[in-house]
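Hi there,

Here's the structure I promised to pass on. Have a look, and then read my notes below.

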Amino acid sequence: MLRTLAVSAGYGLLPVLNGIDLSVAPGEVVGLLGRNGAGKTTLLRVIAGALRASGGAVVLGDKDLTNAPAFRRARAGIAHVPQGRGIFNQLTVRQNLEVGTRAAKDRGDSGIPADIFGYFPILREREAQIAGTLSGGQQQMLAIGRALCGLPSVLLLDEPSEGIQPNIVQSIAELVPRIARERGIAIVLVEQNLDLVLKASDRCLVMEKGRIVHEGAPEAFADETLLKDLLAL
Amino acid sequence: MPRRGCSSACANVSPVRLDAMDFVITTLLNALTLISILMLVGLGLAISFGLMNVTNLAHGEFVTVGAFAVYFVQSMGGSFWLGLAAAPIAGAVVGCILEFAIIRHLYSRPVSTVLATWGVSLILQQGLELTFGLGAKPVTPPIEGTLDLVFTVYPAYRLILIGIAMLTLLGVVLLISRTSFGLDIRTVIQNREMAEGVGINTRRTYAIAFTFGAAIAGLAGGLVAPLAIVLPQMGVNYLANAFFVVIVGGVGSIGGLVAGSVFVGGLTSILNYQISPSLAQAIVLLAAIVAVRLRPNGLFNGASR
């Protein structure tokens, strides 16, 4: 169980998050919606430890990770797939996956889990290829696959559909809930692509100006007037 | 610089051709000696300056410390080889303390790093002078004498130096390309934030990489000690040349390091034959500026990190 308690954060003097309470259960996919600048990406960065919280707490299970550096959080089981994917371009696909296992070091790392290739068969085919030469969609799969190599209990996905061809977006929309169920991972999904987020999520939150202003089941967001109201689409 | 004329071993070759051959090979070996040293000193600088963006003006002192380690061990009655083993350890100890006490607190303040490491450089120089006294320290090579290479006769120790330097470089290449720690280093270099995000302790990786670079510079100091004038200020020359190497060669690859060393070391050796060393140094600097102007990203560009 991942929880954030009244988390606030910002860049310099500019506050971005204003008391975010979030909790995500194992096996659950929570979609985060909101306009640009609402604080979605910042929230993921604060949970992952890339940015320090200025107030509140980030708790995983019974561990308070609020002051832990990013690598400790990764080792505790929080995996972050940032915007732009964060692939190590000059390493091979296999080396990227191998580096991903570093997060599982303290929890019985046993190499690259074989079932990763079940989700992403292309990664096995391209094992020896330099990751920077993969297509955007393949890089996204590698980024998610690498995150899973760390045997995480929480997976933070930031705009996985960005710059990716539609058929791969479709398969990611199917894979995300499957990964959550099969591996008991709590997934937070930040996404601009509404189809994807409504299809993959069990629950959706809407953020505005650093707060969570609305919460509901994906079906509830099918109502277009509500969407227009909340997201100004 | 060793310069030998005809030796009895090659009496059948015509004197003119022999002199030319002797000259070419001797110059080549002299260049290779300098290139070897520059590669080892430049390696640590490539790590700190090239990859971690730390301008460490005390890097030359790692060389000095390595040379003094050999002198100290020899003066206590130990062998050169024992001293050579102590040299990288001495470099590593100084490097580790420097990283822990100063550099890690200044990663986000590059100008402060320049000033702080310059200060450390002066303190180390004066400290060595206070401890060991004024004047050049004698270091004797493990092997006196020369080796007959058919076309020329060359000091045996220099050949050993070249061999050790090449083996060290090979070892570093293998360490970085084949080991798990090498993979961590490459990961941290490419994207520090993401490396942290996959569970790598990047602070620790930086510290180890920095210490490692200092150790290699210490080894270079130990190797060069029998050939150089061992003084507390000796590091300054190596610092300047190592910066040329890294900037000319290009940042982030072993290929760049080799290219930069060959450029700077090769040119210096060839010019040293013809003109005075200070003029040679000035011409090398000028050539370095031209090279950087023409190839701003380094002579060797686009190789894998």
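**What I found**

Of the 233 residues in chain A, 58% are buried, meaning under 20% relative accessible area with a 1.4 Å probe and protein chains only. Before going on: this is a predicted model, where local features need pLDDT of at least 70, side-chain atom pairs count only at pLDDT 80 or more, and totals for chains, interfaces and linings use all residues. Residues are numbered from 1 along each chain as its sequence is written, chains are lettered from A and ligands numbered from 1 in the order in which they are written, and side-chain values use heavy atoms, with hydrogens and water left out.

Chain A has nine helices and ten strands (DSSP runs: H or I of at least four residues for helices, E of at least two for strands). Its radius of gyration, taken over C-alpha atoms, is 17 Å, close to the 17 Å from the globule rule (2.2 Å times the number of residues to the power 0.38), so chain A is as compact as a globular protein of that length. The C-alpha atoms fill a box of roughly 45 × 40 × 30 Å along the principal axes.

Now contacts (heavy atoms within 4.5 Å): of those between residues at least 6 apart in sequence, 68% join residues at least 24 apart.

And the cysteines? There are zero disulfides over all chains, a disulfide being a pair of cysteine sulfur atoms within 2.5 Å. A:Cys149 is buried at 1% relative accessible area, and A:Cys204 is buried at 0%.

Cheers

Methods: Buried means under 20% relative accessible area, exposed over 50%, partly exposed in between (1.4 Å probe, protein chains only).
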